[in-house]
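Let's take a walk through this one together. Have the sequence and the 3D view open side by side.

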Amino acid sequence: MSTPLVMFLLFIAVTLGITFWASKRSAGSSAYFAAGRQIKGWQNGIAVAGDYMSAASFLGIAGIIAFQGYDGFLFSVGWLVAYLTVLLVVAEPLRNAGKYTMADVLAYRLKARPVRAMASLSTLVVSTFYMIAQMVGAGALVALLLKGSGISFHTAVIGVGILMIVYVVFGGMLATTWVQIIKAILLMGGTLLLSILVMAHFGFHLSAFFNAIANVTYHDAKGAVVIKDFLTPGLRYKPPYGPLDLISLGMALIFGTAGLPHILVRFYTVPDAKTARISVVWAMVLIGSFYIMTTFLGFGAATIVGPDFIKTHGGTNMSAPLLAQALAGDIFFAFISAIAFATILAVVAGLTISASTSFAHDFWTNVIHRGVERKAGEEVLVARIAAFVVGAVSITIAILLGPTANVAFLVALAFAVAASANLPVIVLSIFWKRFNTAGAVGGLLVGLLASIGLILISPSLMAVDPPTVVGAARHLFQRPAIFPLENPGILSIPLGFIGAIVGTLLSHEPQALDKYNELLVRSNTGLGSEKAVAAH
Amino acid sequence: MNAMPQPIKPEAVSGTEWDRIAESAEFKDLMATKKVFIVPAFIFFIVYYFALPVLVGYAPQFMATKVFWNVNLAYLFALSQFFMAWGIAFLYVKAAGGFDKLAKDIIEKSARGGK
């Protein structure tokens with residue numbers, strides 16, 4: 001057996017053990033959906049970081065920086081600063097006023113059924129798109145990392161899918177939380193080690209490192225030798241639309257993170273709003289340290305391994321593992337590969353539980369059965385079935401798309417929908433007294449449609465490929481893009497807000513006004529908030 | 001309001017009680033105290049953050065100015081964002097300790113039946 005495979009199996013064995021342990025402590029809705037609200041602040045902080053730092057941030061960001069230098073580092077900055085929106089605006093009111101999902105907060109003073117149906121739809125869209133991107137990436141990556149062990153793309157996708165279903169169906173939020181914590185610690189440890197090795201390579205002289213970054217040598221598309229300063233802005237975002245796209249990306253990150261359902265559900269796993277706050281700060285310390293270290297990962301790969309070598313040895317996503325191999329050989333390559341694998345598994349498990357929770361709690365119990373759980377345990381049962389279905393659907397779509405599919409845009413889309421549909425209605429619901437059901441439905445609908453519509457006509461899906469690009473890697477629409485930006489945020493976020501405001505002003509809802517004081521007091525004081533329950 | 005001070009389950013808070021709290025001086029004080037910190041902090045971080053893509057996007061030559069070794073303004077400004085975010089988070093946690101105290105008083109007063 002290859003060393004990466006042994007390490008993968010080790011991680012699987014440990015996490016399955018945790019799932020077994022958690023399965024005995026997941027009886028009842030609060031235990032299954034919110035880990036009994038007993039997760040400690042630092043634990044939840046690490047778990048938030050684990051949920052957030054996906055393969056896109058570990059492998060993707062290292063690759064983007066390795067190939068496009070400084071512009072890639074701008075992703076790193078946005079991914080951390082976004083947590084200020086979570087900290088200052090969303091986390092505490094949500095914990096104070098909600099139960100299991102973001103829709104709980106909306107349903108307080110608005111008509112529960114239409115609002116929950118829309119919020120659930122938006123949650124499912126964000127989670128599924130994000131998940132398909134992770135699954136396709138996971139399949140391609142695992143097949144590549146385990147090259148030689150006979151594991152194909154299909155086997156890898158099915159394996160990842162089954163594991164995530166097992167974690168969520170049997171272990172619920174408790175198992176998912178601990179999978180996130182282990183993954184986050186592994187990821188931080190691996191990244192720190194890799195950063196130290198990069199510095200050691202330069203004799204621990206930062207000046208030598210930055211000197212190398214200023215002189216990255218590679219061959220361009222025509223085969224000519226190029227020497228570039230990788231710290232110069234503009235390698236990715238070029239005029240005329242680059243600057244606008246950069247601002248649009250910034251908006252989607254800053255306002256989207258606070259609307260990502262799989263991040264928001266994490267704040268229900270702690271006992272109170274104060275603990276939720278502490279967990280955001282813990283998450284910010286970890287996430288910030290990690291993204292600062294992407295300097296070493298990305299620029300290290302650019303300078304030590306070089307874009308030429310990466311291109312011929314698996315492409316951009318392999319930058320970090322190849323850097324590990326170059327610095328410390330095959331065992332370290334195996335270790336970093338196993339971390340990448342753990343990263344993917346943890347993120348898809350987090351997405352699965354948020355999607356299935358929203359389906360069971362918002363759609364099944366509250367929309368279809370009008371808030372009544374007909375039998376004890378029905379909600380959890382439905383969530384388990386939903387987790388299974390979500391997993392099976394993602395596996396199928398990922399296999400149909402295949403390893404070469406162009407799916408990077410799905411992550412951008414998830415952030416755009418979260419920023420344009422979810423965030424406006426959460427914020428307006430908490431801060432605007434006049435806000436009502438028509439506004440919430442309008443905001444969610446317009447934000448969702450605007451994000452999807454604009455991405456469909458953006459360069460992500462609409463471009464003319466040369467004949468050398470084949471199959472699923474080709475763009476969906478072979479014609480010049482109508483909307484010039486890759487990220488729709490700059491337009492779709494204002495549209496989401498406008499949808500919510502116009503919808504509100506066009507209708508009257510006395511009950512939403514009457515219950516505003518209740519939501520205001522609840523969200524700001526924690527009076528009447530959901531309490532932690534004793535472990536079973 | 002009930003004359004007897006009795007501990008009530010928060011879940012049993014009535015509709016009029018929410019209104020009473022929302023109109024109370026203590027609650028208005030809490031909201032004002034929160035606003036004094038959160039609104040300026042939010043505006044500051046939004047302006048500071050979006051200055052980065054705007055400057056990098058529209059003044060790339062200026063941002064490429066080298067400061068020391070081969071480190072340029074663009075990288076230093078990007079790096080400063082991390083410390084800005086941590087700094088605001090630190091200040092917020094300190095300020096929020098005060099919010100917690102005010103909120104606790106409001107909850108306790110409500111449990112005493114508004115006295």
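Predicted model: local features only at pLDDT ≥ 70, side-chain atom pairs only at ≥ 80, totals over all residues.

Residues are numbered from 1 along each chain as its sequence is written, while chains are lettered from A and ligands numbered from 1 in the order in which they are written.

Start with the largest nonpolar core, which has 236 residues. A core here is a set of buried Ala, Val, Leu, Ile, Met, Phe, Trp, Tyr and Cys residues joined through C-beta atoms within 7 Å. Buried means 20 or more other C-beta atoms within 10 Å of a residue's own, exposed means 12 or fewer, and partly exposed is in between, with C-beta atoms placed from the backbone. Helix α14 (residues 319-368) of chain A gives the largest share of this core, 29 residues; helices (H or I, at least four residues) and strands (E, at least two) are DSSP runs numbered from the N terminus. Among the residues with the most contacts inside the core are A:Val160 and A:Leu345. Beyond its neighbours within four places in sequence, A:Leu345 is in contact (C-beta atoms, placed from the backbone, within 7 Å) with A:Val160, A:Leu163, A:Met164 and A:Val179.

Now find A:Thr123, in helix α7 (residues 112-145) of chain A. A:Thr123 counts as buried because 30 other C-beta atoms lie within 10 Å. Not counting residues up to four places away in sequence, A:Thr123 touches A:Pro261, A:Ser354, A:Ala355 and A:Ser358. A:Ser354 is 231 residues away from A:Thr123 in sequence, yet their C-alpha atoms are 7.9 Å apart.

Next comes helix α18 (residues 489-505) of chain A. Its buried residues, including A:Leu491, A:Ile493 and A:Phe497, pack against α10 (242-256), α16 (408-431) and α17 (437-456) of chain A.

For a strand pair, look at β1 (residues 216-219) and β2 (residues 225-228) of chain A, which run antiparallel and are joined by 4 bridges; pairing takes at least two DSSP bridges. A:Val216 sits opposite A:Lys228. The two strands make a hairpin with 5 residues between them, and A:Gly223 in the turn has a positive phi of about 95 degrees.

Finally, turn to the other chain: 46 residues of chain B are in contact with 41 residues of chain A. On the chain B side, α4(B) provides the largest share, 17 residues.

Note on methods:
Contact = placed C-beta atoms within 7 Å. Expected span 1.5 Å × (residues − 1).
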